[in-house]
Each structure stands twice: as structure tokens, then as C-alpha cells.
Amino acid sequence: MENIQIALKSAIFDAHEKAERTTLDVRGRIDQAINNRVMCASLVEKAKQLHKQDIAGYLGDVMSTEQIKAYLSLHDASQKRGPHHDKRQLLLCGILEQGEPTNINSSPKPPPSMVSTASNFCGRFNKVLERRPIEDWNDGEREQIKDVLKPVIEFYNNL
């Protein structure tokens, strides 16, 4: 039994050491990949400054239009914040892969009911009235409101 315990502990130690080395190696490679992408993004940005009207034509034999756009987006984002904490930049660098979109079979949201629409209108209307009561309105404003509310009054009278 003691031999099994020693073997298990030794295997865990070896696996842990291998995981640590691999992780450090990968982190270094990720940093290098990000730096290489940001450098290329800076060069693409410089080319864009020199070829404002036709960057896609200038770089067409080197990369696709989508790649040019991705590099320009990466350059803009890298000027604002570091890439290690920015998922979008990691996606643009190719470090992370775009996930598959999930298909949610949901029916479209039904339009709001007449009752909820009327309730929302009344709530907003009352808030405005609290801020500026009718007594503060001039005659021109009162006439405008009467004209605007005529369809509401007609609707109410038809109920």
C-alpha cells in the first residue's frame, strides 16, 4: 500500500512540474503572438495612413479585407488598453477562437398590449406634469396639447 502512495505522489509531482513548464512556455508564446500581431497591426495602420483611399488594394496580395479590418481594429483597441484582459483583442489576435453562435429557438416578442401602452403613456405624462403643472403653461401650449390629445379623446369616446 505504501508503494502505491509513493508512486501516486511521484506521478502527481511529475504531472504538476510538466503542467507548470508547459503553462510558462505557452504564456511566453501567447505574449510573443500578441506582440507580433500588435506590431503587424501598427504596420497596417501606417500603410492605411499612406494609402487612405485604397488600403485593400495595396495589401490585397498580402491579406484579405477582413484581416485588414481586424488588424485596424486591433490597433485601435491596443492603443486604449492592454490585450491580455480584452477578449475582443484576443479574438482579433487569433489567441481565442470565435465560439459557435447558439441557436435559441425563441419566438419574437409580442407587441405590447394596448393596456400597457396606455399605462406607459399615462406614467410618462404624469411625470412631465409633476415637473411642470398645467398652471404654469401659457395659452399657446394649452391649445397645442388639446390638438395633440384629440385622437386620444376620440379613442376614449369610442370605448
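In what order do the elements of the chain run from the N terminus on? They run α-α-α-α-α-α. The chain has six helices and zero strands; these are DSSP runs numbered from the N terminus, with helices being H or I of at least four residues and strands E of at least two. The radius of gyration, taken over C-alpha atoms, is 32 Å, well over the 15 Å that the globule rule gives for 159 residues, so the chain is more spread out than a compact globule. That rule is 2.2 Å times the number of residues to the power 0.38.

This is a predicted model: local features need pLDDT of at least 70, side-chain atom pairs count only at pLDDT 80 or more, and totals for chains, interfaces and linings use all residues. Residues are numbered from 1 along each chain as its sequence is written, and side-chain values use heavy atoms, with hydrogens and water left out.

Now the overall dimensions. The C-alpha trace spans about 90 × 65 × 35 Å along its principal axes. Of the 159 residues, 13% count as buried, meaning under 20% relative accessible area, while exposed means over 50% and partly exposed lies in between (1.4 Å probe, protein chains only).

Take E2 as a landmark. E2 lies in helix α1, residues 2–50. This residue is exposed, at 61% relative accessible area. From E2 to M63 is 61 residues in sequence and 61 Å in space, C-alpha to C-alpha.

Contacts (heavy atoms within 4.5 Å) come next. Among those between residues at least 6 apart in sequence, 42% join residues at least 24 apart.
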